[in-house]
Amino acid sequence: MRRAGSAARFAFQGISGSRPCVLFSGSPIVAGMIARISRIFRSLFSLPAWVIVWMLVFLIPANLAGLFMLDTESGRWIALLGAGGLLVNLVPLLVNGGFSRVLAFAHLLFWLPLEFVLLARLLTADMGSAELRLTLVVLVINGISLCFDVIDARRWLRGERAVFGFEEETARL
């Protein structure tokens, strides 16, 4: 049987490469963080494969892409509202210890206004080709996601609040 804090045991070579140094050995805080992160990954991988691909290949990269185009107005809006919708979801992800339908609300709060801003820019602004491509990609990807988010938010409001991968223990949330 493993010790409770053994998952939190990290060793690394010192800068000089001389002797190993153990950090956070047996710390209940670090062990709890590692358990929470493991639970989140278990929840992620309990989702259907197409949802995982959608999130990891399309949704998250598209909304973080604005961080690489801060020299454009669309890039700044995407960085603020696109990445904002992702960052705000870290709170319920950590609190609930996994993915649930409540995550749809942050998307609706941040991405719906972003859709209007990007659509207005698309119709009125003179954009370079890279900014135009980014704007179109985020408009399409977030538009599709928002369709799912409306459904998920509605289902959450009707009582479907379980954390995916932990349905039995979280059905009463």
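Asn89 is buried, with a relative accessible area of 6%; buried means under 20%, exposed over 50% and partly exposed in between, for a 1.4 Å probe and protein chains only. The model is predicted, so local features need pLDDT of at least 70 and side-chain atom pairs pLDDT 80 or more, while totals for chains, interfaces and linings use all residues. Residues are numbered from 1 along each chain as its sequence is written, and side-chain values use heavy atoms, without hydrogens and water.

Asn89 belongs to the loop between H3 and helix H4 (90-96). Helices are DSSP runs (H or I, at least four residues), numbered from the N terminus. Leaving aside residues up to four places away in sequence, Asn89 touches Leu103, Ala106 and His107, where contact means heavy atoms within 4.5 Å.

Ala106 and His107 are also among the residues of H5 that meet H3. The relation of the two helices is summarised below.

| Feature of H3 and H5 | Value |
|---|---|
| Approach of axes | within 8 Å |
| Crossing angle | roughly 165° |
| Handedness | left-handed |

Axes are lines fitted to C-alpha atoms over the stretch in contact, with angles from 0 to 180 degrees between N-to-C directions. The crossing angle of roughly 165° makes H3 roughly antiparallel to H5, a term for angles over 145 degrees. A left-handed crossing has the near helix turned anticlockwise from the far one by less than a right angle.

The buried residues of H2 include Trp54 and Met55. The buried residues of H2 pack against helix H1 (28-44), helix H3 (73-88), helix H5 (104-124) and helix H6 (129-157).

Note on methods
Parallel < 35°, antiparallel > 145°, perpendicular 65-115°, else oblique.
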